[in-house]
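Student: I have a structure to read with you, and I would like to learn how each feature is defined before we look at the case. Could we go through it step by step?

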Amino acid sequence: CNLATTSSTSTDGTANTTFNINGTLNMLGGNLSLRMAAGKVCSLNVVGTLNLGGNLYASGTTGVPSVITVSGTMNTGTLGKGTLYFDTPAQTVVGPGTFILGAGATFRTGAPAGVTSGAGYQIGTVGIALSPGARYAFVGTAAQVTGDLLAAQVRGLEINNASGVTLSKATLVDSVLALTNGALMSDTLGVALGPGGSVTRGSGYVDGYLAKTGFTGTKTFEV
């Protein structure tokens with residue numbers, strides 16, 4: 001089954017809703033919105049395979065989390081794009097199956113523990129595969145850490161948290177390091193830009209070690 005949708009991402013559902021995927025569902029683009037109003041529940045049960053090529057709006061506009069359970073395979077970023085909005089700290093994906101974040105996809109997290117696995121954290125499936133070609137955005141309101149699942153090498157990294165984000169391990173950014181708001185506290189672990197990398201900056205900065213490799217001429221360090 002193939003599905004493409006351009007459903008609204010700014011409106012919360014007003015009735016309890018359950019989606020069961022028992023076979024293979026290919027969502028070729030658009031938005032998969034699981035947004036619900038307060039007091040309502042949207043459940044997504046992936047028993048078979050979900051290939052998601054678009055965006056996933058997992059929580060309601062007021063922060064109501066959906067219930068995502070994977071006993072099969074949830075494969076995101078299948079078209080080399082798509083953003084997963086896990087801005088709500090309580091939003092999780094759980095189950096005995098496998099969660100895959102593909103190259104080109106972006107995972108946005110508002111959880112204080114960042115991209116961390118296990119019970120009580122946002123990614124709680126038994127199988128987890130996160131591509132080094134994915135991008136990660138830290139958009140919480142409380143202080144965050146990047147987490148144990150963040151790869152040592154990523155395509156992109158955005159810091160957009162006025163309370164600050166602390167690096168959990170040394171990280172190499174291949175493409176864009178976006179310092180939108182708040183401090184990236186790298187301490188002695190360090191964040192580094194690859195030869196093709198660049199920095200975009202709003203009011204954010206690096207508090208600690210920042211390296212730029214393969215650059216010639218004048219360098220600006222956003223610290």
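Tutor: We begin with burial: buried means under 20% relative accessible area, exposed over 50%, and partly exposed in between, with a 1.4 Å probe and protein chains only. Before applying this, note that the model is predicted, so that local features need pLDDT of at least 70 and side-chain atom pairs count only at pLDDT 80 or more, whereas totals for chains, interfaces and linings use all residues. Residues are numbered from 1 along each chain as its sequence is written, and side-chain values use heavy atoms, with hydrogens and water left out.

Student: How many aromatic pairs does the structure hold?

Tutor: A pair of aromatic rings is described by the distance of the centres and the angle of the planes. Rings of Phe, Tyr and Trp (for Trp, the six-membered ring) pair if their centres lie within 6.5 Å, and planes under 30 degrees apart count as stacked, over 60 as edge-to-face and the rest as tilted. The structure holds two such pairs. Tyr57 and Tyr85 form a stacked one, at 4.4 Å centre to centre and with 10° between the planes. Tyr57 lies in strand E6 (residues 55–57) and Tyr85 in strand E9 (residues 83–86), so the pair ties together parts that are 28 residues apart in sequence. Strands here (E, at least two residues) are DSSP runs numbered from the N terminus, as are helices (H or I, at least four). Tyr57 is buried at a relative accessible area of 12%, while Tyr85, at 23%, is partly exposed. Phe86 and Phe107 form a tilted pair, with 5.1 Å centre to centre and 35° between the planes. Because Phe86 lies in E9 and Phe107 in strand E11 (residues 106–109), this pair ties together parts that are 21 residues apart in sequence. Both Phe86 and Phe107 are buried.

Student: Which residues touch the most other members of the largest nonpolar core?

Tutor: A nonpolar core is a set of buried Ala, Val, Leu, Ile, Met, Phe, Trp, Tyr and Cys residues joined through side-chain atoms within 4.5 Å. The largest one has 43 residues, of which Leu56, Ile68, Leu101, Tyr136, Leu157 and Leu184 touch the most other members. Contact means heavy atoms within 4.5 Å, and, leaving aside neighbours within four places in sequence, the contacts of Leu101 include Phe107, Leu130 and Tyr136.

Student: Is Gly156 buried or exposed?

Tutor: Gly156, in strand E15 (residues 153–160), is buried, with a relative accessible area of 4%. Not counting residues up to four places away in sequence, Gly156 touches Ala134, Arg135, Tyr136, Val173 and Val176. The C-alpha atoms of Gly156 and Gly133 are separated by 8.0 Å, although the two residues are 23 apart along the chain.

Student: Which strands pair with E17?

Tutor: Two strands pair if DSSP finds at least two bridges between them. E15 and strand E17 (residues 171–181) pair in the parallel sense over seven bridges, and Leu157 stands opposite Leu177 in E17. E17 also pairs with E18 in the parallel sense, over three bridges, with Val191 in E18 as the bridge partner of Thr171. Four bridges join E17 to strand E19 (residues 198–201), again running parallel, and the bridge partner of Leu179 in E19 is Arg201.

Student: Where does Asp187 lie, and what is its phi?

Tutor: Asp187 lies in strand E18 (residues 183–193), and its phi is near 50°, a positive value in a residue other than glycine. At 55% relative accessibility, Asp187 counts as exposed.
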